[in-house]
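Here is a short briefing on one protein chain.

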Amino acid sequence: MALWFTSIVASTAVVGLATGGVMLVLGRRFIEEFTRPGVTVEQGTPQWGGWTFPESATEPPIELQHAVTFQSADGALLRGEFWAQTRSAPTIVISHGFHFPSVYFRSVAALEYAQGANILLFDYRGHGKSALIPTTCGNAEVNDLVAAVDFATGQPETSRGQVYIHGFSMGAAVAILLPPHAAVAGIIADSPYARLDEMIRMIITQILDQEISRWHGPARAVRTLIPALTCLTFLGGQLLFHARYRRSLVARPDQTIGEHPVKQTLRAGTMSSPILLIHAEDDPMVALHHARRLVAAARTAGRSIQEYYTPCDIHCGSYGHDPHRYMALLQKFVAL
């Protein structure tokens with residue numbers, strides 16, 4: 001019996017080591033791709049997903065566009081531009097999406113500048129002109145956004161307590177993750193995720209399915225392993241991410257938004273900001289249930305949140321669906 005038990009333990013150990021090895025190999029590959037800096041989605045590719053931006057938006061005179069540089073809490077060097085009005089006004093911080101650097105949002109900035117707001121365009125770490133260090137899709141980027149808000153607050157053209165954040169996709173989720181800040185008067189969150197882990201699992205599953213579809217062998221049989229491979233990849237990625245960056249891979253806007261404003265005030269000394277949440281009903285990347293979950297958590301906690309949904313099947317497609325309605329809501333929310 002002792003021999004039988006020993007053989008079972010040995011077999012289990014071998015299987016466990018093999019599984020652990022597969023988990024770490026898959027996890028390493030995913031994390032290297034997920035955090036790789038300098039990646040930019042090209043217009044017209046499937047990853048672009050049909051985003052549309054304002055057309056024929058005129059930027060302010062060059063003398064009112066100022067190149068800026070500031071540091072995140074961990075020293076990451078961030079670069080951008082501050083577009084100043086000629087009088088005191090609210091400032092809108094543009095919080096861009098994952099692999100969509102701020103250069104893509106210049107027309108958005110120009111349209112909002114034309115309505116009377118100062119604009120801070122900046123690149124998160126690993127994007128555009130900022131430090132080419134690993135990205136984290138919303139974890140370390142929170143510190144970047146804190147630094148951006150602090151920078152905007154310190155500009156003489158910014159009206160006191162009148163900083164707004166206009167975030168898109170990842171940038172919207174980061175805005176919700178932002179700790180309460182006395183200067184932030186409101187957050188426009190266009191297509192944020194509620195849980196990063198759900199997004200990562202979906203991306204891993206899509207990648208595995210695409211790769212398996214290229215095989216010439218019995219792909220159908222292998223597809224039954226995708227759920228297990230997804231789980232192993234995610235778990236391995238979590239372990240490696242934490243070992244490398246000393247932070248969790250899973251960002252949870254649904255928890256942040258659901259914290260009671262009184263508790264936030266007691267902890268941070270500042271009331272949480274109201275939110276205008278925008279989402280396409282048939283968003284193929286960040287499903288509508290993410291928005292519903294964020295709204296439910298906010299309302300349960302007594303946090304001010306306004307919803308705007310559009311019958312659209314493009315990620316961050318609500319502006320393109322009805323530009324006039326989109327801008328009217330934004331202008332009313334910012335009170336320009």
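Which residue does the side chain of R244 meet in a salt bridge? The partner is E32, at 3.9 Å from N to O. The model is a predicted one. Its chain has 336 residues, and 51% of them are buried. The secondary structure comes to twelve helices and eight strands. Of the contacts with a separation of 6 or more, 72% are between residues 24 or more positions apart.

**Salt bridges**

- The structure holds eleven salt bridges.
- R244 and E32 form one of them. This pair links distant parts of the chain: R244 is in helix α7 (residues 226–245), and E32 is in helix α1 (residues 2–34), 212 residues apart.
- R244 has 39% relative accessibility, between the 20% and 50% limits, so R244 counts as partly exposed. E32 is also partly exposed, with a relative accessible area of 40%.
- R125 and D74 meet in a salt bridge at 2.8 Å, N to O. They too link distant parts of the chain, 51 residues apart. R125 sits in the loop between β4 and α3, and D74 in the loop between β1 and β2.
- R125 has 4% relative accessibility, so R125 counts as buried. D74 has a relative accessible area of 46% and is partly exposed.
- R299 forms a salt bridge with E307, and their closest N and O atoms are 2.8 Å apart. R299 is partly exposed at 49% relative accessibility. E307 is partly exposed at 29%.
- E59, E81 and R106 are linked in a network of salt bridges.

**E141, a buried charge**

- E141 belongs to helix α3 (residues 141–153).
- E141 is buried but has no salt bridge. Its nearest side chain of opposite charge is R125, 5.0 Å away.
- A polar atom of the E141 side chain lies 3.5 Å from the backbone nitrogen of C137.
- Beyond its neighbours within four places in sequence, E141 is in contact with Y124, R125, T135, T136, M170 and V174.

**Helix α4**

- Helix α4 covers residues 170–177 and is mostly covered. Eight of its eight residues are buried.
- Those buried residues are M170, G171, A172, A173, V174, A175, I176 and L177.
- M170 and V174 of this list are also among the contacts of E141.

**Aromatic rings**

- The structure holds 18 aromatic pairs.
- One of them is F70 with F122. The ring centres are 6.0 Å apart and the planes stand at 55°, so the pair is tilted.
- That pair links distant parts of the chain: F70 is in strand β1 (residues 65–71), and F122 is in strand β4 (residues 118–122), 52 residues apart. Both F70 and F122 are buried.
- Y319 and Y326 form an edge-to-face pair, 5.6 Å centre to centre with 85° between the planes. Y319 and Y326 are both buried.
- One aromatic cluster is made up of W48, W51, F53, F100, Y104, F105 and F168.
- A charge also meets a ring: R292 lies over the face of Y309, 4.5 Å from the ring centre.

Key. Residues numbered from 1 in each chain as written. Predicted model: local features only at pLDDT ≥ 70, side-chain atom pairs only at ≥ 80, totals over all residues. Heavy atoms only, no water. Buried < 20%, exposed > 50% of the residue type's maximum accessible area, 1.4 Å probe, protein only. Helix = DSSP H or I, 4+ residues; strand = E, 2+ residues; numbered from the N terminus. Lys, Arg positive; Asp, Glu negative; His and termini not counted. Salt bridge = Lys/Arg side-chain N within 4 Å of Asp/Glu carboxyl O. Polar contact = N/O pair within 3.5 Å; in protein donor to acceptor, adjacent residues only side chain to side chain. Contact = heavy atoms within 4.5 Å. Phe/Tyr/Trp six-rings, centres within 6.5 Å; stacked < 30°, edge-to-face > 60°. Lys NZ or Arg CZ within 6 Å of the ring centre and 35° of its normal.
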